[in-house]
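Please keep the model open and follow each stop in turn.

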Amino acid sequence: ELPYEKALFRAKTRIEAKDYVVAVEALLRHLQNGERDPRFTYLLARAYMGLFLHDQAFKYFSITQQRMPSFAEPTHYMAQMFLAERNWQQAVLMIRESVRLGYPGQQELDYSLGAAQYMGGSFLAAKNSMTYVIWDGQDKALVESAEEFNRSIDQERTLFFEVAGFGVYDS
């Protein structure tokens, strides 16, 4: 096993143990010594994300994307950070890009997309995304939550129709 493979393994282990500071220090040392393997920048971004240093995480996820354009995980993690920062428009864009790149877990992506659309005010798009979660049916907790989202959307639309004087809304 090559020394840098051991370093990657140790960094990944530290991240899994939530020992992000040790992982950052070790990964930065390798990068400062000229290491160009995108797995180092990816793990460094994950460690920064664990420390809630989103600017640094975005920087290293972006570098990873440049070096590995078909790797979906950086895009997925950036979407999660945009969701945490309540940047709904960017979250929607990143989630759609994650889908395009083939990130596994379609039901989770549809749920995240629906939540971002809902919070961003795109209720019909959110309802469509949540309907896909319900149709998928694999994760029962996500299905129940998606059903609740759809009930909320229907209630809000009904209230809007009544207040706006459009009569009764029929979903």
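A residue is called buried under 20% relative accessible area, exposed over 50%, and partly exposed in between, with a 1.4 Å probe and protein chains only. The model is predicted, so local features need pLDDT of at least 70 and side-chain atom pairs count only at pLDDT 80 or more, while totals for chains, interfaces and linings use all residues. Residues are numbered from 1 along each chain as its sequence is written, and side-chain values use heavy atoms, with hydrogens and water left out.

**Stop 1: the whole chain**

Display the protein as a cartoon. The protein has 9 helices and 0 strands; helices (H or I, at least four residues) and strands (E, at least two) are DSSP runs, numbered from the N terminus. The radius of gyration is 20 Å, well over the 16 Å that the globule rule gives for 171 residues, so the protein is more spread out than a compact globule. That radius is taken over C-alpha atoms, and the globule rule is 2.2 Å times the number of residues to the power 0.38. Along its principal axes, the C-alpha trace spans about 70 × 30 × 25 Å.

Buried residues make up 40% of the 171 residues.

**Stop 2: the nonpolar cores**

In soluble globular proteins, nonpolar side chains tend to be buried together. A nonpolar core here is a set of buried Ala, Val, Leu, Ile, Met, Phe, Trp, Tyr and Cys residues joined through side-chain atoms within 4.5 Å. Select L43, L44, F61 and M81, which touch the most other members of the largest core, a group of 37 residues. At least two residues of this core come from each of α1 (3–16), α2 (20–32), α3, α4, α5 (73–84), α6 (88–101) and α7 (106–119). Which helix supplies the largest share of this core? It is α3, with 8 residues.

Centre the view on L44. Leaving aside residues up to four places away in sequence, L44 touches V24, L27, L28, L31 and Y60, where contact means heavy atoms within 4.5 Å.

Next, select M130, V133, L142 and I153, which are among the 10 residues of a second, separate core.

**Stop 3: N150**

Select N150, in helix α9 (residues 140–164). Is N150 buried or exposed? N150 is buried, with a relative accessible area of 8%. Its contacts, not counting residues up to four places away in sequence, are A126, K127, M130, T131 and I134.

**Stop 4: salt bridges**

Show the charged side chains. A salt bridge is a side-chain nitrogen of Lys or Arg within 4 Å of a carboxyl oxygen of Asp or Glu, and by this rule the count comes to 6.

Select E148 and R151, whose side chains meet in a salt bridge (2.9 Å, N to O). These two residues are 3 apart in helix α9, which means that about one helical turn separates E148 and R151. E148 is partly exposed at 43% relative accessibility, and R151 is partly exposed at 42%. Elsewhere, salt bridges that share partners join E5, D37 and R39 into one network.

E5 pairs with R39, their closest N and O atoms being 3.0 Å apart. This pair links distant parts of the chain, with E5 in helix α1 and R39 in helix α3, 34 residues apart. R39 also meets D37 in a salt bridge (2.6 Å, N to O). D37 counts as buried at 13% relative accessibility, whereas E5 is partly exposed at 24%.

**Stop 5: two loop residues**

Most residues other than glycine have a negative phi. Select K18, in the loop between α1 and α2: its phi is positive, about 65 degrees, although K18 is not a glycine. K18 is exposed, with a relative accessible area of 61%. Then select R86, in the loop between α5 and α6, where phi is near 60 degrees. R86 counts as exposed at 62% relative accessibility.

**Stop 6: a surface patch**

Finally, select V21, L51 and L53, a nonpolar patch on the surface with about 220 Å² of accessible area together. Patches are made of residues with over 30% relative accessible area and no salt bridge; like charges are joined within 9 Å, and nonpolar side chains (Val, Leu, Ile, Met, Phe, Trp, Tyr) within 5 Å. L53 lies in the loop between α3 (38–50) and α4 (54–67), and L53 is partly exposed, with a relative accessible area of 41%.

Definitions and conventions. Areas by Shrake-Rupley, 256 points an atom, 1.4 Å probe, with all protein chains shown as cover.
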